[in-house]
Amino acid sequence: MKTIRRRAANPVLRWEPAGPNQQYRVIVRNQDTGERRSIYDGFRTECRLPPDFRLTPDQLAFRVMVRPVDDPEARFARLHDYAPIPRLGDDFETPAEDLLIGDAAPGADQYRLLVKKPDVDRPLVDMVRAEPRFLLPPGQLRDGQFEYDILPRVRGRWRNRKGLAVRTAMIVAADERAERPVPLPADETRTIRGAPARHAPGRPDRLASEAVSTGSTLLIAVDVTARPDLAPLADPRDVAARQWWAGDGTAAVESVVLALEANALKGLFFIDVLAGEALGDDLVRRLTDTLKKRGHGLGLMVNPEPWRGLSGDLAEMNDVAATSVACARYESIVGEAPGALSFGPGLLGADTLAEARRLGVKVVLADRAEQLGLPAWMRWRTAPFAAYDDLLVIPASMALSTPAHQRDRVVRHALNAADAMAADAASDLTAAAALARPDGLITARIEPIELLRRSMVRSAAQAEAWNQAMADRLPAWAEAGWERSPHGFPVLADRDEIKVEMMTALIAGLGRAGVAAINPRSAFTPGHLRSWAETREAFEPLVEQRRGPRRFRPSAVRRYDAALLQALKATPA
């Protein structure tokens, strides 16, 4: 077993905020030497210990001061008293001479350790904890007589001062504890995060007998769902006219379709068919027929959560059963089984992915947040991969915006209409992604429901009209809990022109990038799937943009991590 000397367990210090628009100052005090140092002035609620403080075995404590941002001449006021910084090897449970234990007081929210000389007000040691247990810092207590108190704070006041003597045995025990080596903590970076692998990764060569190269190709995926609970009127037809298709270019989905067609592009629209629980299957069928007639592709969006309150059957189903029901509903509305799936927030996991495969789905789209629910070896993939021998997972294309200076940080961007950088630089980003993987698939995502502007309405008359309409014509909506309060309710009424401009800029940039867009109605052939999944490199392609000049370069992230190696040892599916 490896051991080290006692030191701070974590160099990061965090504290409770004092509210908005506050500036903080953090002071660290070495309770063994009395040294005090200001280590942070800023506006965040966390900071890091300086390097020389991270390795000392002495007891450190930190205090937080605060002042308003709009009054830079004001003095800093105390926000939090000196709190001991936890160290590796600290033990507040095993009885020992240097473990000082006070009496618990009813109503106390904090306890304070004060160590000082008799008849001297200024303490040598001053720390607060939530429990009346402290380890004695012996550094300043070697010569002379000293006394200590553990004071409870009740209703904002420190009480019950007693003045107990610090004995020589306490100091000896504290010195022995300081010299005692402690076990080296386990390296958390070596642990595998994510669900364990249940089966070995799929083999691309089993997706088809031969790969059919498409070159660098572009897929534009559009997730189509609805939010009738946020509509201005309790009318399914009005919801569909605002959020899906109106015929005059003002509806959310219609805006995306017109922007795609203006740039000679076709999209793959993932339809949330379970929205028919609220709007009716006829309106869903009308939308799918319109998209098919205009030459766009269709897929299924599995998103049961918004509709569970409308259906007793859905409410009792788990995510796997809901996936099966959504596929059956899609087939009854569209007239064919879904070939491609996307999932709502928090639904994509090992079980739902296996169910999609059982239902005959060949392609599943996943963005970065959805990948977190998959087995660990799938989490950081950025290019299409074979999750099974007969199922391809297509992650969203990503770019990294790298730091421009020492205090900057790396920012991850998805090729998504909701990302301002991606929308502004879609052409350059797509061209760079094509260079990163010449035979790969570049995926852009658009969510039309995000194009609508969310606002708060405070109108008792409108709330009453909504509630009355539900009671008269839509009792299922009322049972789902969609009533509105006269004190205010959110509404998606009009388009947000800024978001519409971002969506339009993204699509226009994709059209200018010079990358051929696939035909979503015929592109998912076995040969194409194998071509996208096959790679000779042991890395995942990425695009980097150095902040400042809008220049992109190909990059990569290593693929063969411990999670993938572990998955390779699993039983084939």
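**A note on the cavities**

1. Starting with the second largest cavity of this predicted model: the residues of its lining divide into five nonpolar, one polar and two charged.

2. The largest share belongs to β11, which gives three residues. The volume of this second largest cavity is about 30 Å³.

3. How many cavities of 30 Å³ or more does a search of the whole structure find? The search returns two. The largest cavity has a volume of about 160 Å³.

4. The lining of the largest cavity is made up of 14 residues. For a quick way in, centre your view on Thr382, Ser397, Ala433, Leu441 and Pro541, which lie nearest the cavity centre. The elements that contribute two or more residues to this lining are α12 (426-436), β25 (441-446) and β29 (539-546). Of the elements, β29 gives the most, with three residues.

5. What is the make-up of the lining of the largest cavity in nonpolar, polar and charged residues? Ten of its residues are nonpolar, three are polar and one is charged. For the second largest cavity, to set the two side by side, the division is five nonpolar, one polar and two charged.

Notes: Residues numbered from 1 in each chain as written. Predicted model: local features only at pLDDT ≥ 70, side-chain atom pairs only at ≥ 80, totals over all residues. Heavy atoms only, no water. 1 Å grid on protein atoms, 1.4 Å probe; cavity = no way out; pocket = protein on both sides within 12 Å on 5 of 7 lines; lining within 4 Å. Points joined across faces, edges and corners; volume = space filled by probe spheres on them. Helix = DSSP H or I, 4+ residues; strand = E, 2+ residues; numbered from the N terminus. Nonpolar A, V, L, I, M, F, W, Y, C, P; charged D, E, K, R; others polar.
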